[in-house]
Amino acid sequence: MPVPPTIRFEAREPRSPLGRFVKFVFWSVIVLPPLLMLATCTGLPTFLMSEDEEVAGGALLFGAGVLSILWAIWLLGVPLLGLLMLGTRGRKLVIEQPRPQPPS
């Protein structure tokens, strides 16, 4: 069996500062909207069960608006920022090195 003449390594360059910023924003969009949705859902019931109908109605409208905005940010931001994050990766490097000769 013939021995290949070279050894090939594949690696990536580190991300640029813009790439690191995009990665930080991507992970923030992954984590923060669901946490804020949970916080909204846990904070609203006290106002929704209010004796005053106007307070309950305002809380309902506020909660619906906030949850819809958070869902939109999450569902639109993840794919868009994911593509941007893939686009800001470092270049692929292929390093070739001659194969060491076995001792004879």
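# Chatting through a predicted fold

Visitor: Quick one to start. Is F26 buried or exposed?

Guide: F26 counts as buried, because its relative accessibility is 10%. Buried means under 20% relative accessible area, exposed means over 50%, and partly exposed is in between (1.4 Å probe, protein chains only).

Visitor: Okay. How many aromatic pairs are there?

Guide: Here is the rule. Rings of Phe, Tyr and Trp (its six-membered ring) pair if their centres lie within 6.5 Å; planes under 30 degrees apart count as stacked, over 60 as edge-to-face and the rest as tilted. That gives two aromatic pairs. In one of them, the ring centres of F26 and W27 are 5.3 Å apart and the planes sit at 75 degrees, so this pair is edge-to-face.

Visitor: And how exposed is W27?

Guide: W27 is partly exposed, since its relative accessibility is 46%. W27 belongs to helix α1. Helices (H or I, at least four residues) and strands (E, at least two) are DSSP runs, numbered from the N terminus.

Visitor: How far is W27 from T46?

Guide: Their C-alpha atoms are 31 Å apart. Along the chain, W27 and T46 are separated by 19 residues.

Visitor: Zoom out. How many helices and strands are there?

Guide: The protein has three helices and two strands. Along the sequence the order is β-α-α-α-β. Its radius of gyration is 26 Å, well over the 13 Å of the globule rule for 104 residues, so the protein is more spread out than a compact globule. That radius is taken over C-alpha atoms, and the globule rule is 2.2 Å times the number of residues to the power 0.38.

Visitor: What does the C-alpha trace span?

Guide: About 90 × 25 × 20 Å along the principal axes.

Visitor: How much of the protein is buried?

Guide: Buried residues are 18% of the 104. Accessible areas come from the Shrake-Rupley method with a 1.4 Å probe; for residues, only the protein chains shown count as cover.

Visitor: Which residues form a nonpolar patch on the surface?

Guide: V31, L32, L35, L36 and L38 do, with about 470 Å² of accessible area together. Patches take residues with over 30% relative accessible area and no salt bridge: like charges are joined within 9 Å, nonpolar side chains (Val, Leu, Ile, Met, Phe, Trp, Tyr) within 5 Å. L32 sits in helix α1. At 46% relative accessibility, L32 is partly exposed.

Visitor: What about T40? Where is it found?

Guide: T40 is in helix α1, residues 17-43. T40 is buried, with a relative accessibility of 12%.

Visitor: What does T40 touch?

Guide: Leaving out residues up to four places away in sequence, T40 touches G63, V66, L67 and L70. Contact means heavy atoms within 4.5 Å. Across the protein, 86% of the contacts with a separation of 6 or more join residues 24 or more positions apart.

Visitor: New topic. How many salt bridges are there?

Guide: Three, from a search of the whole structure. A salt bridge is a side-chain nitrogen of Lys or Arg within 4 Å of a carboxyl oxygen of Asp or Glu. One joins E96 and R8, at 2.6 Å from N to O. This pair links distant parts of the chain: E96 is in strand β2 (residues 92-98), R8 is in strand β1 (residues 6-12), and they are 88 residues apart. E96 is partly exposed at 45%, while R8 is exposed at 53%.

Visitor: Which residue does E10 bridge to?

Guide: E10 pairs with K92, and their closest N and O atoms are 3.4 Å apart. E10 is in strand β1 and K92 in strand β2, 82 residues apart. E10 is exposed, with a relative accessible area of 54%.

Visitor: And R91?

Guide: R91 bridges to E13, with the closest N and O atoms 2.7 Å apart. R91 lies in the loop between α3 (53-87) and β2, and E13 in the loop between β1 and α1, so the pair ties together parts 78 residues apart in sequence. R91 is exposed at 58% relative accessibility, and E13 is partly exposed at 28%.

Note on methods
Residues are numbered from 1 along each chain as its sequence is written. This is a predicted model: local features need pLDDT of at least 70, side-chain atom pairs count only at pLDDT 80 or more; totals for chains, interfaces and linings use all residues. Side-chain values use heavy atoms; hydrogens and water are left out.
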